[in-house]
Amino acid sequence: MRALLTKIERASALDRAGDRLQRAVQATLRPQRVRDLLHGVFLGHPLHPALVQVPIGSWISAAVLDLLPGQRRAATTLVGLGTVSALPAAVAGLNDWAALSRDQRRIGLVHAASNTIGLTLYAGSLAARLNGRHGTGRALAYLGLSAASAGAYLGGHLAYKQGAQVNQSVSELHRIGEGWHALADLAALPQRKLVTREMDDVSVILYRHGDEVTVMLERCPHQSGPLGEGEVTEIDGHACVVCPWHGSAFRLNGGEVMHGPSGNDQQVLPTRVVDGVLEARLP
Ligand code: FES
């Protein structure tokens, strides 16, 4: 199985179809507000993994009911619920997929293809059940569950091995020692400009506004882009840093994500000033 996954990760033959689909997704899912909604910006977490709970839960429950007598109606209802709820989950997944790296997109493409086959089989199962052909409906549903399970396995690989849509920066906190760390003389910090410093070899950015200073991790939670090289801009009245790689924006007075593709907030560190020296520590 590992060898197969490695082959898919390296399968450049998938790139032509992948690039076309990426362009189509980017051209279709507009404006930015729609993309942000689908990335889960309003949650501070990716939306796609939350949405997939409904179809997967419904389909597995229907598979159990299909084994029990007198449960046709309930099983049909759950197959219908799973089939309808798979559509928004798929759209959110495509939106995330379009902002992944190339090797992640290859696995993602096969993940999407498996789930599309699963969804088509479940749509066929629903149609058969509604026409009274429950035996066919059951058979199609079990085939659909097999395809969706293969898709789920690939989705797990995408998230847990390849780190797609996982917060890429938060693990840096484990490399910062306990206690307060001196970072800069407050008086020497420029106003409204990003300054990069190190805390135990972990890069952080400092942003001063008046006597308030924000200290946040520098690596972008999306794909580790250097936020210290980003621009500061105002979004909805809040000063935000915009990642130079794919444009995710984070509030400088709290770290909340304002625009995707990151679906995760950025980690801000507690600060204090002692004898004019700015210090920060682990949250
Ligand atoms: S690395 Fe992709 S938005 Fe920052």
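A salt bridge here is a side-chain nitrogen of Lys or Arg within 4 Å of a carboxyl oxygen of Asp or Glu. The views below are taken from a predicted model.

**View 1. Salt bridge between Arg208 and Asp211.** The closest N and O atoms of Arg208 and Asp211 are 3.4 Å apart, so the pair falls within the 4 Å limit. Arg208 counts as buried because its relative accessibility is 12%, and buried means under 20%. Asp211, in contrast, has a relative accessible area of 59% and is exposed. By the rule given above, the count for the model comes to 11 salt bridges.

**View 2. Salt bridge between Asp15 and Arg102.** In this pair the closest N and O atoms lie 3.3 Å apart. Asp15 belongs to helix H2 (residues 15-28) and Arg102 to helix H7 (residues 102-130); the two residues are 87 residues apart, and the pair links distant parts of the chain. Asp15 is buried, at 12% relative accessibility. Arg102 is partly exposed, at 37%.

**View 3. Network of salt bridges around Asp15 and Arg102.** The pair of the previous view belongs to a network of salt bridges. Its members are Asp15, Asp19, Arg102, Arg105 and Arg106.

**View 4. Salt bridge between Glu172 and Arg219.** The closest N and O atoms of Glu172 and Arg219 are 3.2 Å apart. Glu172 sits in the loop between helix H8 (134-161) and strand S1 (181-185), while Arg219 sits in the loop between strand S4 (212-217) and strand S5 (231-235); the pair therefore ties together parts that are 47 residues apart in sequence. Glu172 has a relative accessibility of 5% and counts as buried. Arg219 has a relative accessible area of 27% and is partly exposed. Side chains of opposite charge can pair when their charged atoms come close.

**View 5. Nonpolar patch on the surface.** The patch is formed by Ile56, Ile60, Val64, Leu67, Leu68 and Tyr142. Together these residues have about 530 Å² of accessible area. Helix H5 (residues 53-65) supplies the largest share of the patch, three residues.

**View 6. Ile56 in the nonpolar patch.** Ile56 is found in helix H5. Its relative accessibility is 31%, so Ile56 counts as partly exposed.

Conventions. Residues are numbered from 1 along each chain as its sequence is written. This is a predicted model: local features need pLDDT of at least 70, side-chain atom pairs count only at pLDDT 80 or more; totals for chains, interfaces and linings use all residues. Side-chain values use heavy atoms; hydrogens and water are left out. Patches are made of residues with over 30% relative accessible area and no salt bridge: like charges are joined within 9 Å, nonpolar side chains (Val, Leu, Ile, Met, Phe, Trp, Tyr) within 5 Å. Accessible areas come from the Shrake-Rupley method with a 1.4 Å probe; for residues, only the protein chains shown count as cover. Helices (H or I, at least four residues) and strands (E, at least two) are DSSP runs, numbered from the N terminus. Buried means under 20% relative accessible area, exposed over 50%, partly exposed in between (1.4 Å probe, protein chains only).
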